[in-house]
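Here is a short report on one protein model. Keep the sequence and the 3D view open as you read.

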Amino acid sequence: MACATLAAAATIISSCSGNKKSEQSDSDSLEIVESMLHEEPAAPAIPDSAFFATPENKSEVATDSTYAVTSTGLKYVILKEGTGLSPKAEDTVMVHYVGQLLDGTQFDSSISRGTPATFPLNGVIPGWTEGLQLMKEGGKAVFYIPSELAYGERGAAGAIPPNSDLIFYVELIQVIK
């Protein structure tokens, strides 16, 4: 069935381009469609450490172009305001995320894996627990998590060096009560 769908999509693409139908154009179109289906989802543009270090970007209210800072030192940007439930620390959440070091090195991504992560909010690093409680379902945010709200002096599994501040892009998909 997938082959039939790909062949149909290839035919549509070739007919949209105004090309006469031929085995060559069908083959070319089929390759294009197959490559599109096998591409990894693109990670969103994530503000870098320079953005969070620039005082002009700081505001009392986080938006898609400014960051706010909580009393604990968590910095956050709201890329898209959600409209659903906000989680409590004892709730379980389903999220998509991308985690990176300050130099831009990505150390984890549910988006790249193609599967959202589900976990109890009180079972993760404090910066996540705090940050996700600032969101609503359907929302998208970026957290700049200082080391003391992340993995601190111990680091994590060789991927995150000790005393590392981290940046996470997070989409809150669902709050599971």
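## Overview

Helices (at least four residues) and strands (at least two) are DSSP runs, numbered from the N terminus. The model is predicted. The protein has five helices and seven strands. Starting at the N terminus, the order of elements is α-α-α-β-β-β-β-α-β-α-β-β.

The protein counts 177 residues, and 39% of them are buried. Take the contacts with a separation of 6 or more: 61% of these link residues 24 or more positions apart.

Ser59 sits in the loop between helix H3 (49-53) and E1. Is Ser59 buried or partly exposed? Its relative accessible area is 27%, so Ser59 counts as partly exposed. Residues under 20% would be buried, and those over 50% exposed.

Neighbours within four places in sequence aside, Ser59 is in contact with Thr66, Tyr67 and Ala68. Val77 lies 18 residues from Ser59 along the chain, and their C-alpha atoms are separated by 9.9 Å.

Strand E1 (residues 68-69) runs antiparallel to E2, and two bridges join them. Ala68 has Tyr76 in E2 as its bridge partner. E1 and E2 form a hairpin, with five residues between the strands. Gly73 in the turn has a positive phi of about 105°.

E2 also runs antiparallel to E6, this time joined by five bridges. Here Val77 has Val142 in E6 as its bridge partner.

Strand E3 (residues 92-101) pairs with strand E4 (residues 106-109) in the antiparallel sense, over three bridges. Gly99 has Asp108 in E4 as its bridge partner. Four residues lie between the strands of this hairpin, and Gly104 takes a positive phi near 95°.

E3 pairs with E5 too, over four bridges and again in the antiparallel sense. Val95 stands opposite Ala117 in E5. In a regular strand, side chains alternate between the two faces of the sheet. E5 has a covered face with Ala117 and Phe119. Its uncovered face has Thr118 and Pro120.

## The nonpolar cores

Which residues touch the most other members of the largest nonpolar core? They are Val95, Trp128, Leu132, Phe143, Ile145 and Val170, out of 28 residues in this core. At least two residues each come from strand E2 (75-80), E3, E5, helix H5 (126-132), strand E6 (140-145) and strand E7 (166-176). E7 gives the largest share, five residues. A second, separate core has 11 residues, including Tyr67, Val77, Ile111 and Val142.

Residues up to four places away in sequence are not counted here. Val95 then touches Ser110, Pro116, Ala117, Phe119, Trp128, Leu132, Val170, Glu171, Leu172 and Ile173.

## Ala141 in E6

Ala141 is found in strand E6. Its relative accessible area is 0%, so Ala141 is buried. The cut-off for buried is under 20%.

What does Ala141 touch, not counting residues up to four places away in sequence? The list is Val77, Ile78, Leu79, Met135, Phe168, Tyr169 and Val170. Ala141 and Val170 are 29 residues apart in sequence, but 5.3 Å apart in space, C-alpha to C-alpha.

## The largest pocket

About 230 Å³ of space lies in the largest pocket. Its lining has 15 residues. Tyr97, Asp108, Trp128, Tyr151 and Phe168 lie nearest its centre. E4 and strand E5 (117-120) each supply at least two residues of the lining.

How many residues of the lining are nonpolar, polar or charged? The lining has 13 nonpolar residues, no polar ones and two charged ones. Asp108 is the bridge partner of Gly99, and Trp128 belongs to the largest nonpolar core.

One residue stands out by its backbone angle. Most residues other than glycine have a negative phi. Asn163 is not a glycine, yet its phi is positive, near 60°. Asn163 has its place in the loop between E6 and E7.

Conventions: Residues numbered from 1 in each chain as written. Predicted model: local features only at pLDDT ≥ 70, side-chain atom pairs only at ≥ 80, totals over all residues. Heavy atoms only, no water. Pairing = 2+ DSSP bridges. 1 Å grid on protein atoms, 1.4 Å probe; cavity = no way out; pocket = protein on both sides within 12 Å on 5 of 7 lines; lining within 4 Å. Points joined across faces, edges and corners; volume = space filled by probe spheres on them. Nonpolar A, V, L, I, M, F, W, Y, C, P; charged D, E, K, R; others polar. Core = buried A, V, L, I, M, F, W, Y, C linked by side-chain atoms within 4.5 Å. Buried < 20%, exposed > 50% of the residue type's maximum accessible area, 1.4 Å probe, protein only. Contact = heavy atoms within 4.5 Å.
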